[in-house]
Amino acid sequence: MARRRPGTLFPLEFSILDSGLTLQAADGSFYGFALAKHLAGSSDSSLTAHGTLYKSLARLVDLGILEASWEAAAIAEGEARPRRRLYTITGEGEQAHARALAARVEPVRSPTAVAALPRIAPGEPSLA
Amino acid sequence: MSVVTSMPYHRAVRQVSRWCAWYTRGVDADTAANRRDELASDLHEQATWADAAGQSPRCVARSILGRAGRGALADLSWSHAQRRRVALADPVALRGRRIEATAASLVLVAAIAVFGLGLYVLVRVGTGVATGLIRGGSATSVAVLVFTALAACGVMLLARRKTRFLGALWMILPTIGVIHYGLYQLYSLSATVGALMFSMPGWSLASDALTVGLVVYFAAATIWWWPARAARSARVNAGVRV
C-alpha cells in the first residue's frame, strides 16, 4: 500500500478536491455519487469504486480537509430518496488543494528540477 | 422498465448491501451506519441517474457490482483501520481478543495435527494395501478412517467462532481414536514406529501421555468457550469498560 508523505495528497484525493471545488461552487456542497459522476466525466464506465471513493472521503474528513454532514431528512423525504451525506471543502482543504496544484506545476519551473531531468545530447538516440 | 424497480438492480443492491454489512461488522456502530446509509444513497442516485440516461437495468447492475468489486480491497482496508481504531480505544478488550485469538489458533493447530496424523496413517494404509504389505479393510484401518473423518468434522467446527466450543468437545473422541488406532496401525506399516515400540521402554507411557494431554487440552478449551461462561465473561468485560 502507498504510504503518505506528511502534507501530501494522493492523486485521487487531489481529484476529489478538484471536482469538489467545482461542485461546491455550483451547489454549495457535494455528495458521493455526484462526485463519482464528475470524476468519471461523461462516461459511466469508470465510475469510481464505492470502497475507493468513500475510504478517500472518510480520510479527507479525518484530515480536516472536508466536512461532512447529513442532509435534512425532510428534503430527502420530499424527493423520495435516501438522505445524502453532504461534503464541503474546508479552508484547510482549499489550502491543501492550492499547495498540491502548485507542487504539480513547480517541478517543471524549478531550475533544480529541470537540472534533474534526464538529458539527451543532440544527435543521441531518443529514449522514445 | 425503470432501473429502480428492476430485478437486476435490486439483486445488485442486495449483494452490495450484504457485502457492506459483512465488512462493517465490528466497526463502531455510528461509523458503520454512516457507511451503510451513504452507500444506500449512492446506489439510489446511480439508479436514478441511469434511468434518466436511458441505461438498461442489467447494465446498471453490472456497473454497481463492478464498482463494489473494484473497491473491495479499499473496503477491507478501511474496515481493518476502523476496527483497529475501536480496539485501540479499549486496550483491555484488545488484550482479551488477542488472548482469545491465540488460544483459538493453538487449539485449531492441535486439532489439525490430530487430523493430519489420521490422514498420514490412511495414506500409509493405502500404500501398504497397494504394495500388498497389508490386506485392506481391516478393523483397525476402518477405525482410523472413521476417527479421521470425525477429526475433520472437529476441525471444521473449530474453524467457526459460533461452533468452537462444540468443535473442542467433539475433538476429544477422535483424538483418542486416531492416536490409539493410528499408532497401532503404524506398528505394522512403519519400521520406525515398530522399532520405537520395541526399543523405547516408555513408548506406551508417552503415547498415553500424549492422548491424555490432548484430551485435557480440548476439554479445557470446551470449558473456556462454553456458551454460558463466554456470555458471562463478555458481560463482565462490558461492565469493566463502563
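Colleague: Which residues form the nonpolar patch on the surface?
Modeller: This is a predicted model. In it, the patch is made of B:W22, B:L73 and B:L76.
Colleague: How much accessible area do they have together?
Modeller: Together B:W22, B:L73 and B:L76 have about 340 Å².
Colleague: Where does B:L76 lie?
Modeller: B:L76 is in helix α4 of chain B, which covers residues 72-88.
Colleague: And is B:L76 buried, exposed or partly exposed?
Modeller: Partly exposed, because its relative accessible area is 36%, and that class runs between 20% and 50%.
Colleague: Back to B:W22. Which cluster is it in?
Modeller: B:W22 belongs to a cluster with B:W19, B:Y23 and B:W78, linked by ring pairs.
Colleague: How many aromatic pairs are there over all chains?
Modeller: Eight. One of the aromatic pairs is B:Y217 with B:F218, 6.1 Å centre to centre.
Colleague: What is the angle between the planes of B:Y217 and B:F218?
Modeller: The angle is 50°, and the pair is tilted. The tilted label applies because stacked needs under 30 degrees and edge-to-face needs over 60.
Colleague: Are those two buried or exposed?
Modeller: B:F218 is buried, at 0% relative accessibility. B:Y217 is partly exposed, at 31%.
Colleague: New topic, charges over rings. What lies over the face of A:Y31?
Modeller: A:R84 does, 4.1 Å from the ring centre.
Colleague: And what sits over the ring of B:W225?
Modeller: The charged end of B:R164, at 5.3 Å from the centre of that ring.

Technical notes: Residues are numbered from 1 along each chain as its sequence is written. Chains are lettered from A and ligands numbered from 1 in the order in which they are written. This is a predicted model: local features need pLDDT of at least 70, side-chain atom pairs count only at pLDDT 80 or more; totals for chains, interfaces and linings use all residues. Side-chain values use heavy atoms; hydrogens and water are left out. Rings of Phe, Tyr and Trp (its six-membered ring) pair if their centres lie within 6.5 Å; planes under 30 degrees apart count as stacked, over 60 as edge-to-face and the rest as tilted. Buried means under 20% relative accessible area, exposed over 50%, partly exposed in between (1.4 Å probe, protein chains only). A charge sits over a ring if NZ of Lys or CZ of Arg is within 6 Å of the ring centre and within 35 degrees of the ring normal. Patches are made of residues with over 30% relative accessible area and no salt bridge: like charges are joined within 9 Å, nonpolar side chains (Val, Leu, Ile, Met, Phe, Trp, Tyr) within 5 Å. Accessible areas come from the Shrake-Rupley method with a 1.4 Å probe; for residues, only the protein chains shown count as cover. A salt bridge is a side-chain nitrogen of Lys or Arg within 4 Å of a carboxyl oxygen of Asp or Glu. Helices (H or I, at least four residues) and strands (E, at least two) are DSSP runs, numbered from the N terminus.
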